[in-house]
Each structure stands twice: as structure tokens, then as C-alpha cells.
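Thanks for coming. I will go through one model this morning, starting with the overall layout and then moving to individual contacts.

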Amino acid sequence: MERLTKQRKYIIEAVSNLGHATLNMVSTYLSENNLKMSLATIYRNLTSLTDDNILRKVDASLDDTYYELVSYKALHDHFICKKCGRIIDVDKVTYSKKSHFKDKSENEVDNMSINYYGTCKDCLNSNNKINKG
């Protein structure tokens, strides 16, 4: 693991406060808190923090890569709203009582990530208001 520099601490703080954050969201957060850092430096540190298992990429199949803290909460899945792009944590569905198991092809599984796609309740509610109005 690389040193925990001031830059890394600020990036971890940004991702922690944002929950699910893109490179640009981290950059905006740092800028709004008077912390100047180039996009290249932020990207390099996001990659390094992911390699060090401090951050994890959220595979949301969106145009941008999102990051969250590994220690943010227990392993969980994600609901991605196709309308507004919001990422919502959902409890992980348990498929096995063991943390490591073999699938039908005898591959050893040690982690699973599932994404659910649809329309979040906020977007549904705003649609209902528009349709009723």
C-alpha cells in the first residue's frame, strides 16, 4: 500500500461524503472545499486507492465510473435508476451460506455484485405528479 498522503485523505473524504462518486464529482467536491488538485492526480489516486482495496468501483454500466469506500457498509448490491442515473445501495441477496463457494462449472466464487436497473421512486413520483397535473 502506498503512503496515505494529504491528497489521498482528501479524496477518501470526498468519496465518503458523496457516497458514490465519479472523477468529476470528486474534483468538484475538492474545488468547492478549496482543495486544488488536477484531474490526472485525482484519477491516479482513485486508481491507486482502488488497487489498495480502500475504494471499489461500482459497475453501474453508466457512462462514468463510480467509486465508493470499501468500508462504506457491508457488501451490497446497487439499484441504478435509468431515468436520473442515481445509484442506490440495496441489501445483498444471499445465494450461499458460505462466503466462498463453487459455481456449477466448479469456478470458485468469492464475491458477487448485482445491479438492478429501473426507475427510482423519486422519478416515479415526479412522473405521477406530472400525469395527474
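The protein has four helices and seven strands; here helices (H or I, at least four residues) and strands (E, at least two) are DSSP runs, numbered from the N terminus. Along the sequence the pattern reads α-α-α-β-β-β-β-β-β-β-α.

A word on what you are looking at. This is a predicted model, in which local features need pLDDT of at least 70, side-chain atom pairs count only at pLDDT 80 or more, and totals for chains, interfaces and linings use all residues. Residues are numbered from 1 along each chain as its sequence is written, and side-chain values use heavy atoms, with hydrogens and water left out.

Now the totals. Of the 133 residues, 32% count as buried. Buried means under 20% relative accessible area, exposed over 50%, and partly exposed in between, with a 1.4 Å probe and protein chains only. The protein exposes about 9200 Å², and carbon and sulfur atoms supply 48% of that area. Accessible areas come from the Shrake-Rupley method with a 1.4 Å probe; for residues, only the protein chains shown count as cover. As for contacts, meaning heavy atoms within 4.5 Å: among those between residues at least 6 apart in sequence, 47% join residues at least 24 apart.

Next, helix packing. Two packed helices are described by the angle between their axes and the distance between the axes. The axes are lines fitted to C-alpha atoms, for helices over the stretch in contact, and angles run from 0 to 180 degrees between N-to-C directions.

At what angle do α1 and α2 pack? Helix α1, residues 6-18, and helix α2, residues 23-32, pack at about 105°, with their axes 9 Å apart. The two are therefore roughly perpendicular to each other. On the cut-offs: under 35 degrees counts as roughly parallel, over 145 as roughly antiparallel, 65 to 115 as roughly perpendicular, and the rest as oblique. From α1 the contact takes Tyr10, Ile11, Glu13, Ala14, Val15, Asn17 and Leu18, and from α2 it takes Met25, Val26, Tyr29 and Leu30. By class, the residues of this contact are nine nonpolar, one polar and one charged. In that scheme Ala, Val, Leu, Ile, Met, Phe, Trp, Tyr, Cys and Pro count as nonpolar, Asp, Glu, Lys and Arg as charged, and the others, Gly among them, as polar.

Helix α1 also packs on α3. Their axes come within 10 Å and cross at roughly 80°, and α1 and α3 are therefore roughly perpendicular to each other. Gln7, Arg8, Ile11, Ile12 and Val15 in α1 meet Thr41, Ile42, Asn45, Leu46, Ser48 and Leu49 in α3. This contact divides into six nonpolar residues, four polar and one charged.

One residue of α3 has a further detail. Thr41 lies in that helix, residues 39-51, and is buried, with a relative accessible area of 13%. The side chains of Thr41 and Ser38 are joined by a polar contact of 2.9 Å. A polar contact is a pair of N or O atoms within 3.5 Å; within protein, one must be able to donate a hydrogen and the other to accept it, and residues adjacent in sequence count only if both atoms are side-chain atoms.

On to the loops. Thr22 sits in the loop between α1 and α2. Is Thr22 buried or exposed? Thr22 is buried, at 4% relative accessible area. Leaving out residues up to four places away in sequence, Thr22 touches Asp64, Thr65 and Tyr66.

Two asparagines have positive phi. Asn34, in the loop between α2 and α3, has phi near 55° and counts as exposed at 68% relative accessibility. Asn53, in the loop between α3 and β1 (55-58), has phi near 65° and is exposed at 54%.

Asn53 is also among the residues that Val70 touches, the others being Ile54, Leu55 and Arg56, not counting residues up to four places away in sequence. Val70 is in the loop between β2 (66-69) and β3 (76-81) and counts as partly exposed at 23%. Val70 and Ile54 are 16 residues apart in sequence and 5.5 Å apart in space, C-alpha to C-alpha.

Last, helix α4, residues 121-132, which holds Cys123. Cys123 is buried, with a relative accessible area of 10%. Which residues does Cys123 touch, not counting those up to four places away in sequence? They are Cys81, Lys83 and Cys84. From Cys123 to Lys83 the C-alpha to C-alpha distance is 7.1 Å, across 40 residues of sequence.
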